[in-house]
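The following exercises concern one protein chain. Each task is followed by a solution in steps.

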Amino acid sequence: MAEQIGYSKEVMKRFTNPKHYGEIKNPDGVGEVGNPQCGDIMKVFLKVEKNKLKDVKFQTFGCVSAIAASDALCELAKGKTIEEAKKITNNAIVDKLEGLPAIKVHCSVLGANGLKKAILDYEGKHGKKVSKEELKKLDSEAEEEHHHSH
Ligand code: FES
């Protein structure tokens, strides 16, 4: 049960009523990350206008924290320039959620890295060279940060 591992009110609010859940039609960038250990997958969609993230939406098939983190991420990213959005860390997501239980912090990494991949996707479509290593790094970070709850 949620209370047992101590979710904040903010986490429960975003999990039960996410504001940014959905898909953007004809997105300018899409990023997908998954954690094979827990099986959670998140997808981030971007709409970019004049170098700013005009809209950010997510589709996450995952745990309570992953969904809440995705929603918080969208809120943090919306309206930011590409450069600002790239700097969003999973810690910023955790702060926005008023904390996550330690065993659930990895879920916020999915959010942060999903956004970074979506931005790379956007940049790749606009003539910027995207390094495969960077993509790989984002994937493996999402996997590595997983801590088992038992
Ligand atoms: Fe793996 Fe939340 S993303 S348990």
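**Exercise 1. Determine what share of the protein chain is buried, and compare its radius of gyration with that of a compact globule.**

Step 1. Buried residues make up 40% of the 150 residues in the protein chain; a residue is buried if 20 or more other C-beta atoms lie within 10 Å of its own, exposed if 12 or fewer, and partly exposed in between, with C-beta atoms placed from the backbone. The model is a predicted one, in which local features need pLDDT of at least 70 and side-chain atom pairs count only at pLDDT 80 or more, while totals for chains, interfaces and linings use all residues. Residues are numbered from 1 along each chain as its sequence is written.

Step 2. For 150 residues, a compact globule would have a radius of gyration near 15 Å, and the 14 Å of the protein chain agrees with this. The radius is taken over C-alpha atoms, and the globule rule is 2.2 Å times the number of residues to the power 0.38.

**Exercise 2. State the order of the strands in the sheet and identify which strands stand at its edges.**

Step 1. The open sheet has three strands in the order E1-E2-E3, with antiparallel pairing. Strands (E, at least two residues) and helices (H or I, at least four) are DSSP runs numbered from the N terminus, and two strands pair if DSSP finds at least two bridges between them.

Step 2. Strand E1 (29–35) and strand E3 (52–61) each have a single partner strand, so one side of each is left without a neighbour in the sheet. These two strands therefore stand at the edges.

Step 3. Seven bridges join E1 to strand E2 (residues 40–49). Glycine 34 stands opposite isoleucine 41 in E2.

**Exercise 3. Explain why the buried residues of helix H1 line one face of the helix.**

Step 1. In helix H1 (residues 9–16), the buried residues are Val11, Arg14 and Phe15.

Step 2. Seen down the axis of H1, these residues fall within an arc of 100°, so they line one face. The arc is that of the directions from the helix axis to the C-beta atoms.

Step 3. The face turned away from the buried side carries the exposed residues Lys9 and Thr16. The buried residues of H1 pack against H2.

**Exercise 4. Classify lysine 86 as buried, partly exposed or exposed.**

Step 1. Lysine 86 is found in helix H3 (residues 82–86).

Step 2. Lysine 86 has 14 C-beta neighbours inside 10 Å and therefore counts as partly exposed.

How values were computed: Two residues are in contact if their C-beta atoms, placed from the backbone, lie within 7 Å.
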